[in-house]
Amino acid sequence: KYVLHNEHIISADDAKVEMNDRGYHFGDGIYEVIRIYNSKPFTMDEHLNRLIESANKLDLNLQITKETLENLINKLVEKNELTDGMVYIQMTRGVSPRNHLYHRTENPILSGFTQKLSTQENQTKQKQGISAWVTDDIRWLRCDIKSINLLGNVIAKREAADHHCQEAILHRDGMITEGSSSNLFLVKDQTLYTHPATNLILNGITRQIVLKLAKSLQFEMVEEAFPKDVIEHADEAFITSTTMEVMPIIEFKGGVKTSLKIGPITEKLQDAFQHYKNDGLST
Ligand code: PLP
């Protein structure tokens, strides 16, 4: 197994992390998760653009070009002979003695690894749907940055699992934002509803693809925040993410209680997504 360390692909056994990495002290870093289908990175350009955006928003000087990153990711996938799975890449602000103040002279540290994922398992789950736990969004106000600082998300995910749910759906003062590691969509009267891409959510790459597919399928779309109680009146609900793709929700528990069936619009979008994976936007 190989991993990425700065601009080198090295054996995982030789990889080490620095005690004074600001990633450890402050969670001062950013990351991306890129899906690999048939040995090829999916929407890598979009993910790397978002990484660059996250870096800019945090005044973090990447010091590496998108092309170099692309080459390194491709090489890592090849060396690890990964067919189905994901690449995780992380960039921390660098190594310096612990001090809240950063100096812009630190050199960012890039690291990355691959993980296998089972497409089969995921598609089985997509036919069954999952349960979601509705809880408070206790995160900070810059959820648009894909920061490695994920405590609010981690706490919510554990809470969901403790209630036998596979995802936590978050609300801020009663208004639904997103999932702990996904974006939420509701369907009501043939119209799709999702939170707008503000500072309160991560603008998911899968979310953006689904909006594009929905547009080409001529569904109505409303990007507006909605109160959590609206979920009780929804016809369908699903979440989107790089690893889960388009995942139906069949039950909400916690802050909202309701059961749903996997509906025709969710199924159409699941289908469209599978086509998009293989051929791009052709409809
Ligand atoms: N929202 C949050 C908080 C996430 O962590 C993620 C992905 O991990 C998403 C949304 C979905 O983003 P994407 O579709 O780019 O994977």
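**Strand 7 and the overall fold**

Student: In this predicted model, which residue of strand 14 stands opposite isoleucine 130?

Tutor: Strand 7 covers residues 130-136 and pairs with strand 14, residues 245-254, in the parallel sense. The pairing runs over five bridges. The strand 14 residue facing isoleucine 130 is isoleucine 249.

Student: In strand 8, which residue is the bridge partner of valine 134?

Tutor: Strand 7 also pairs with strand 8, residues 167-172, over five bridges in the parallel sense. Within strand 8, valine 134 has as its bridge partner isoleucine 169.

Student: How many helices and strands does the secondary structure of the chain come to?

Tutor: The chain as a whole comes to seven helices and 15 strands.

Student: Why does the radius of gyration of the chain agree with a compact globule?

Tutor: The C-alpha trace spans about 55 × 40 × 30 Å along its principal axes. A compact globule of 283 residues would have a radius of gyration near 19 Å. The chain agrees because its own value is 19 Å.

Student: Among contacts between residues at least 6 apart in sequence, what percentage join residues at least 24 apart?

Tutor: Burial is a separate figure: 40% of the 283 residues count as buried. For the contacts, residues count as touching if their C-beta atoms lie within 7 Å. Of those at least 6 apart in sequence, the share joining residues at least 24 apart is 72%.

Methods. Residues numbered from 1 in each chain as written. Predicted model: local features only at pLDDT ≥ 70, side-chain atom pairs only at ≥ 80, totals over all residues. Helix = DSSP H or I, 4+ residues; strand = E, 2+ residues; numbered from the N terminus. Rg over C-alpha atoms; globule rule 2.2 N^0.38 Å. Buried ≥ 20, exposed ≤ 12 C-beta atoms within 10 Å, placed from the backbone. Contact = placed C-beta atoms within 7 Å. Pairing = 2+ DSSP bridges.
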